[in-house]
Amino acid sequence: MSSNGIRDKVAIVGMGCTRFGERWDKGVDDLLIDAATDTIASAGVSFDDLDAYWLGTLGSGNSGLTLSKPLKIDYKPVSRLENFCATGSEAFRNACYAVASGAYDLVMAIGVEKLKDSGFSGLTGTRPVTDGTDAALTAPAAFSFLAPAYADKYGVDAETMKQVMSRIAWKNHANGAVNPRAQFRKEVSMETIMNSPLIAGQLGIFDCSGVSDGSAAAIICRAEDAHRYTDSPLFVKALSFVAGPGGGPIDPSYDYTTFLEVVRSAEDAYRQAGIDDPRSSLAMAEVHDCFTPTELVLMEDLGFSERGVGWKDVLAGTFDRDGELPVNPDGGLKSFGHPIGASGLRMLFECWLQLRGEAPAERQIASVTAGRKLGLTHNLGGAPGECVSFVSIVGPEPSD
Amino acid sequence: MSTGIVSWGVYLPYWRLQRSGIGAALGTASGKGTRSVASFDEDTTTLGVEAARRALAALDGPVPEDLFFSTPAPAYLDKTNAAVIHSALDLPVSSGAYDLIGSVRSGAAALRSASALGGDRRTIAVLSDLRTGLAGGAEERDSGDGAVAFVFGDGDRVVAELVGHAGATAEFLDRWRAPGDIDSRVWEERFGEAVYLPLVEGAWAEALKGAGALAADVDHVAVAGLHARAVQASRRALGTRPESALADRSATIGNLGAAQPGLLLADALEQAKPGALIALVVVADGADVFLWRTTSELPAARAGREAAGLAPVADLAAGGRDDLPYARFLTWRGELQRDPPRRPDPERPGAPATWRSTPWKGAFKASACRACGFRHLPPARVCLRCRSVDDMDHIRLADVGGRVATFTVDRLAFSLSPPVVGVVVDFDGGGRYRCEMTDVDPEAIVIGTRVTMTFRRLFTAEGVHNYFWKARPAGESPTGDEMGEHDS
């Protein structure tokens with residue numbers, strides 16, 4: 001069994017990202033065209049220069065035609081991928097492998113999702129015909145199992161747990177408030193967050209990420225070609241993706257305080273990238289904060305905090321934009337909402353801005369200016385105990 | 001060899017509606033006491049499953065080979081509702097399952113059919129009713145929901161033998177209801193009383209004569225019927241000893257309609273001594289008189305039921321939760337249309353997928369790995385723990401207790417009665433499953449709460465009733481806490 005990785009074999013040479021939000025003014029086609037045209041402009045190339053495309057979307061269109069028709073792509077390969085909430089990252093991962101294999105020279109990974117047109121609250125989707133026995137819990141309910149389990153295991157009292165969860169939401173909203181691409185651009189007070197109406201379990205409305213529309217894209221080439229397109233490429237250090245056996249919901253030994261899939265994919269990614277201590281090595285991380293307890297548990301699963309002390313690090317501001325290891329400096333799913341196909345590429349876009357020093361001064365993170373160089377993106381899709389997990393690591397310099 | 005009743009089971013739903021609540025909402029006088037109310041996720045089929053499970057819980061030996069299900073309020077027409085019960089009870093494919101539906105008298109029909117056929121092959125009669133009526137009316141106020149089941153057979157488990165039966169039939173307008181209507185209509189009650197009384201008297205005399213008994217010999221007499229005036233008059237006309245009259249439970253649960261004869265018979269079996277004569281008179285479009293003689297096996301059967309955690313009718317009728325708001329009752333019955341959540345409607349389950357998963361969806365059977373013992377819910381072909389492939393036993397966990405490992409209250413999920421309570425259940429002896437919890441106050445759940453499984457209707461989509469199992473607090477149930485002692 002091996003997971004060899006493609007460290008420094010490919011590089012990102014251009015990126016684009018639309019504004020996320022209730023984009024009543026834009027259809028799926030519009031969002032794709034906006035993200036794609038921004039991205040080729042960023043790389044200084046034309047669509048004619050691109051050899052192949054990977055499109056990630058959960059439910060905004062089937063097949064490569066979803067992209068090839070609006071862009072009028074001239075008879076080139078377009079793969080359409082879906083992998084739950086890691087869909088956008090999965091498009092990126094597969095595009096990277098195609099370039100690394102030598103099959104193509106220059107490709108685009110693009111993700112899109114149009115959630116707001118459904119007219120429903122929360123996520124919806126079409127499912128295969130079933131026997132009707134699945135418990136019809138919503139996503140917030142499935143993730144709400146984390147909070148009491150974590151608090152119980154580590155002796156965190158209910159009031160402190162609420163503080164910790166709210167602190168995560170507060171931080172991500174504060175980050176999103178200064179990001180013009182975010183869906184929610186207002187700071188939200190701790191008091192408002194803590195008193196928001198309950199949705200599921202201990203999760204209030206402000207513990208849940210938003211629902212939005214958006215698209216983001218990246219152009220990828222072999223590392224040795226990167227400087228043809230830009231002076232400041234981002235090299236891909238690690239790509240890891242795992243799907244678990246889904247044992248959590250049926251295994252009495254699973255205690256709802258970890259995502260085993262995340263632990264495995266993080267270990268794999270750190271090994272590929274040659275990272276021993278992620279907390280001191282990474283300049284930033286964009287993680288899948290679908291619900292506030294998710295981000296808390298991720299701090300431990302990704303190795304940023306010791307088991308059982310992530311909540312203390314959260315309260316200490318370790319993961320604030322000006323903290324030791326900024327997490328979700330762009331505002332995260334909390335501020336951007338979660339257009340499934342686009343989110344993974346939106347996270348990479350923040351690495352693109354921050355690691356290359358292109359973020360506006362008011363939100364440029366200090367860890368980068370202090371010399372840290374690596375960024376991590378992470379998605380998980382599914383529910384606690386049964387999910388898929390993606391971790392990437394990127395950086396502006398090739399390894400020696 | 002003697003034949004007759006070998007077991008019985010009674011199921012009354014968790015909820016009670018205070019009659020005063022009806023009056024308070026409508027600004028009318030509405031009487032005292034409560035009525036039993038099937039929850040939003042129950043129908044006559046699920047009520048019947050729960051009663052039948054209780055009838056089978058304290059019984060060993062062969063399973064019933066014919067199932068007769070009677071209700072005036074069937075969940076399906078055309079399709080056999082008894083087949084749903086058959087699947088939930090995990091009866092063998094060779095067992096018959098038949099509906100007797102539409103009329104209140106169908107309850108008597110099920111008793112008579114199962115009794116007549118029960119012998120060396122066991123039969124089960126399931127009497128179920130869910131009584132509806134227009135807001136503020138007597139039908140709504142005075143009736144109740146519930147189900148009762150009786151297993152008939154032979155041998156030394158017989159607790160009561162049928163020693164006499166007589167019937168009388170007449171065609172006249174007492175009560176009637178058009179299919180699909182929620183309200184029954186009745187003729188002026190003095191007319192019905194006048195027609196019923198001679199029919200009852202005739203059948204009564206004939207049944208006593210057939211049994212070689214006198215009215216004074218009867219130890220317990222029960223008269224069931226929805227025509228209150230005719231029932232009262234009949235009871236007076238029977239000439240039985242005053243102390244033989246069974247206590248009336250309708251003050252707390254209401255009249256169970258087609259299930260009422262079953263409730264009264266079960267009540268009598270729980271009070272009678274060995275060798276007692278029980279008379280059951282059913283007043284519905286004529287009269288049916290059943291005379292049962294209890295056997296020396298009755299005390300042992302009652303002890304077995306107690307050991308299995310089954311409560312007697314007296315306790316069931318005195319129990320239940322009586323703070324159901326009238327507005328919620330009306331919502332459950334479809335009389336009050338509430339604003340739905342901004343979520344997609346549930347999709348109907350697919351027939352082939354449902355058919356393939358019958359042992360799971362119907363009988364709640366997990367797969368247990370023969371190599372390592374790990375239990376999978378839903379059943380899996382590849383073992384989570386040891387990865388063995390297709391080496392599984394299928395074991396029924398419907399009657400196994402468990403404890404809440406964790407839980408949540410989902411205020412966003414679709415439900416006829418939000419919020420949805422989601423629980424992760426660890427079963428005694430192994431196996432974990434995440435499901436809905438019902439009949440519970442969300443505030444009362446803690447990690448470790450004991451639960452048992454109950455058969456419910458999750459939702460109805462495009463006319464398809466999606467039946468499956470939910471957890472409910474352990475208590476009066478066919479599982480009892482017996483298994484809990486083995487829980488570590």
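This briefing walks through some helices, strands and contacts in the structure above. The model is predicted, so keep that in mind as you explore. Chains A and B touch each other, with 36 residues of chain B and 30 residues of chain A taking part in the contact. Let's begin with the core and then visit each chain in turn.

**The largest nonpolar core**

- The largest nonpolar core holds 273 residues, and A:Ile110, A:Ile220 and B:Val126 touch the most other members.
- The biggest contribution to this core comes from helix α14 of chain A (residues 340-355), which gives 10 residues.

- Because 9 of the 9 residues of β4(A) are buried, the strand is largely enclosed by the rest of the structure.
- Strands of a sheet pair through backbone hydrogen bonds, in either a parallel or an antiparallel way.
- With strand β2 of chain A (residues 52-56), β4(A) pairs in the parallel sense over 5 bridges, and A:Ala52 has A:Val107 as its bridge partner.
- With β7(A), β4(A) pairs in the antiparallel sense over 9 bridges, and here A:Glu113 stands opposite A:Gly214.

**Helix α1 of chain A**

- Helix α1 of chain A (residues 28-43) has 16 residues, and the distance from its first C-alpha to its last is 23 Å, close to the 22 Å expected at 1.5 Å a residue.
- Its buried residues include A:Val28, A:Leu31, A:Leu32, A:Asp34 and A:Thr39.
- The buried residues of α1(A) pack against several elements of chain A, among them β1 (10-17), α2 (65-71), β4 (106-114) and β7 (213-222).
- Following α1(A) is A:Gly44, which has a positive phi near 70 degrees.

**Helix α10 of chain B**

- B:Leu298, B:Ala301 and B:Arg305 are buried in helix α10 of chain B (residues 298-307).
- Why do they sit on the same side of α10(B)? They cover an arc of only 60 degrees around the axis, which puts them on that same side.
- B:Ala303 and B:Ala307 are exposed on the other side of α10(B).
- The cover over the buried residues of α10(B) includes β1 (3-11), α9 (260-269) and β13 (286-294) of chain B.

**A three-stranded sheet in chain B**

- In chain B, 3 strands form an open sheet in the order β15-β14-β16, with antiparallel pairing.
- The edge strands are β15 (375-376) and β16 (392-396) of chain B, each pairing on one side only.
- β14(B) is largely enclosed by the rest of the structure, because 5 of its 5 residues are buried.
- B:Lys365, B:Ser367 and B:Cys369 point one way from β14(B), while B:Ala366 and B:Ala368 point the other way.
- β14(B) and β16(B) pair over 5 bridges, with B:Lys365 opposite B:Arg396.
- β14(B) and β15(B) are joined by 2 bridges, and B:Ser367 has B:His376 as its bridge partner.
- The hairpin of β14(B) and β15(B) has 5 residues between the strands, and in this hairpin B:Gly373 takes a positive phi near 90 degrees.

**A closer look at B:Arg229**

- B:Arg229 lies in helix α7 of chain B (residues 228-237).
- Is B:Arg229 buried or partly exposed? With 15 other C-beta atoms within 10 Å, B:Arg229 is partly exposed, because a buried residue needs 20 or more.
- Not counting residues up to four places away in sequence, B:Arg229 touches B:Glu189 and B:Glu193.
- B:Gly192 is 37 residues away from B:Arg229 along the chain, yet their C-alpha atoms are separated by 8.4 Å.

**Where the chains touch**

- Of the contact's residues, 36 come from chain B and 30 from chain A.
- The side of chain B that touches chain A has 19 nonpolar, 8 polar and 9 charged residues.

Notes: Residues are numbered from 1 along each chain as its sequence is written. Chains are lettered from A and ligands numbered from 1 in the order in which they are written. This is a predicted model: local features need pLDDT of at least 70, side-chain atom pairs count only at pLDDT 80 or more; totals for chains, interfaces and linings use all residues. A nonpolar core is a set of buried Ala, Val, Leu, Ile, Met, Phe, Trp, Tyr and Cys residues joined through C-beta atoms within 7 Å. A residue is buried if 20 or more other C-beta atoms lie within 10 Å of its own, exposed if 12 or fewer, and partly exposed in between; C-beta atoms are placed from the backbone. Helices (H or I, at least four residues) and strands (E, at least two) are DSSP runs, numbered from the N terminus. The expected span of a helix is 1.5 Å times one less than its number of residues. Two residues are in contact if their C-beta atoms, placed from the backbone, lie within 7 Å. The arc is that of the directions from the helix axis to the C-beta atoms. Two strands pair if DSSP finds at least two bridges between them. Ala, Val, Leu, Ile, Met, Phe, Trp, Tyr, Cys and Pro count as nonpolar, Asp, Glu, Lys and Arg as charged, and the others, Gly among them, as polar.
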